Amino acid sequence: MSETYPALVPCAIVATAFKVLLFPAYKSTDFEVHRNWLAITNSLSPWEWYYEKTSEWTLDYPPFFAYFEWLLSQAARLVDPAMLRIDNLEYDSWQTIYFQRATVILTELILVYALHRFAESSHPPYKRAAQAAAVSVLLSPGLLIIDHIHFQYNGVMYGFLLLSLVLARQKTTLLASGLLFAALLCMKHIYLYLAPAYFVFLLRMYCLSPRSVFRIQFANCLRLGAGISLVFATAFGPFALKGQVPQILSRLFPFSRGLCHAYWAANVWALYSFLDRILILVAPRLGLPLKVEAINSVTRGLVGDTAFAVLPEITPRLCFALTLLFQGIPLLKLFARPSWDAFIGAVTLCGYASFLFGWHVHEKAILLILIPFSLIALKDRRHLSAFRPLAVAGHVSLFPLLFTPSEFPIKTVYTIFWLVLFLMVFDRLAPASQRPRFFLFDRLTIIYIAVSIPLIVYCSLLHQAIFGKRYEFLPLMFMSAYSALGVVVSWVGFMFVYFTS
């Protein structure tokens, strides 16, 4: 038996038992979103899926995810047919809850398989480190909070992403890697954030000759182009024949939403919003102009246009330009010196750029950085130094998703246990770097991590005890600004490591 099984499979079994115990836990509106999608795909013809709007939670994922929901709905009919009625809004019988929770666990087997392939494909000197990284992803507090309590299906999709990244390790499976990623894009379009890294890597390693970038391997280009065209034709072709692609795109890309999500994602715009809030307090003393009508916008935390009271407004074009700029910088190195490690680094940095500078970024998108980075966090101690603040900030930033008292001990105890356990294990397994580390950076990271405990206690417990219902958005603002600082510091640190490795 493979040496990865004694660690990965028993951990998966224990994790599954724990997740089953969470079936009755808090569930967000995303639970009703997916129940409604089960009903839409089961009750209507495909040509009505992207027009149905009985519920406010309309279908806004690409067709492959709609097909995925249709497959689940075939089993749902046997469990509780009432959950498949479109007009049965907010329906949550115990059969429905147990069915939907169970499907998240079952489809997560794709993730287990991908992590097994990752550990198996690692070279012998790095197998222990790869195994530790695989287990850390499997037991990730992020996936536990988002999928198994809050409710989503990220496990299966990150399973496909990791499998695609692992397939990119061998030249013989590069084509399969690209096609699997194309299928993933047709399942959830958020992975477009990572597409530039795939484009550059496949172009350099599969479409161009390794001897010269000026020699094109036409046969490989045709295979890749035909394969990707076939994947997108399978997903969107039937809808294109009905002239429904514009309607689908309007659902996938609702640009009317504001800069910040309901709870500020831990990115640059959270720090920008936090600074604007501070400037509101000092603007009269400094003689700064103040837009009174924008004051409520900075504190309300609603989905919509975000207005700033002191600082200049941010436009979608600026977000797009900054995202492209900071994605393009690491792609230059990937094109010049392609390797699998450089590819994973570029995927991670594309995730960073999109999360930090994107328009209307969801806090859950932090997994686009955390999970790929986990694959190379143990490459050496410099990589681990950049990963530490991200691991803390990324997981703490998800805490506001679970705001009910009964889930507080689960999210805090589990996350702290995960951080202590795996950061200690990673510290032992990460080899010394051939280049000098910045010890000041490491010391500041320790201080940053130490601040997280009192911050969590204040935001989750003390604030309400002191202020009651007043200043409700203050804990969210503190949590978001703290997490954003950690993500930005991690990004700067990893960008430096990436270009000096």
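Me: Helices are DSSP runs of H or I with at least four residues, strands are runs of E with at least two, and both are numbered from the N terminus. Going by that, which helix is the place of phenylalanine 232?

Reply: Phenylalanine 232 sits in helix 12. Before going on, a word on ground rules. This is a predicted model, where local features need pLDDT of at least 70 and side-chain atom pairs count only at pLDDT 80 or more, while totals for chains, interfaces and linings use all residues. Residues are numbered from 1 along each chain as its sequence is written, and side-chain values use heavy atoms, with hydrogens and water left out.

Me: How many helices and strands are there in the protein?

Reply: The protein has 22 helices and zero strands.

Me: What makes phenylalanine 232 partly exposed?

Reply: Its relative accessible area is 31%. Buried means under 20%, exposed means over 50%, and partly exposed is what lies in between (1.4 Å probe, protein chains only), so 31% lands in the middle class.

Me: And which residues does phenylalanine 232 touch, not counting those up to four places away in sequence?

Reply: Ala182, Leu185, Cys186 and Gly237. Contact here means heavy atoms within 4.5 Å.

Me: What makes leucine 180 buried or exposed?

Reply: Leucine 180 has a relative accessible area of 19%, so it is called buried. Its place is helix 10, and beyond four places in sequence it touches Phe160, Leu163, Ser164 and Leu167. Threonine 107, 73 residues away in sequence, is 16 Å from leucine 180, C-alpha to C-alpha.

Me: How about alanine 134: why does it count as buried?

Reply: Because its relative accessibility is 1%. Alanine 134 belongs to helix 7 (residues 127–138). Leaving out neighbours within four places in sequence, it is in contact with Leu8, Leu115 and Phe118. Leucine 111 is 23 residues away in sequence and 9.7 Å away in space from alanine 134, C-alpha to C-alpha.

Me: Which residues of helix 11 are buried, and what covers them?

Reply: Helix 11 (residues 195–207) has Ala195, Ala197, Tyr198, Val200, Phe201, Leu202, Arg204, Tyr206 and Cys207 as its buried residues. The cover includes helix 9 (154–167), helix 10 (174–185), helix 12 (218–241), helix 16 (316–336) and helix 17 (340–357).

Me: What is it about phenylalanine 151 and its phi?

Reply: Most residues other than glycine have a negative phi. Phenylalanine 151 is not a glycine, yet its phi is positive at about 100°. It is found in helix 8 (residues 141–151) and counts as buried, because its relative accessibility is 0%.

Histidine 360 also has a positive phi, about 50°, without being a glycine. It lies in the loop between helix 17 and helix 18 (367–374), and a relative accessible area of 9% makes it buried.

Me: Zooming out, how do you know that the radius of gyration agrees with a compact globule?

Reply: The radius is taken over C-alpha atoms, and the globule rule is 2.2 Å times the number of residues to the power 0.38. For 501 residues that gives a value near 23 Å, and the protein has 23 Å, so the two agree. The C-alpha trace spans about 65 × 60 × 45 Å along its principal axes.

Me: What share of the residues is buried?

Reply: Buried residues are 56% of the 501. As for contacts between residues at least 6 apart in sequence, 77% join residues at least 24 apart.
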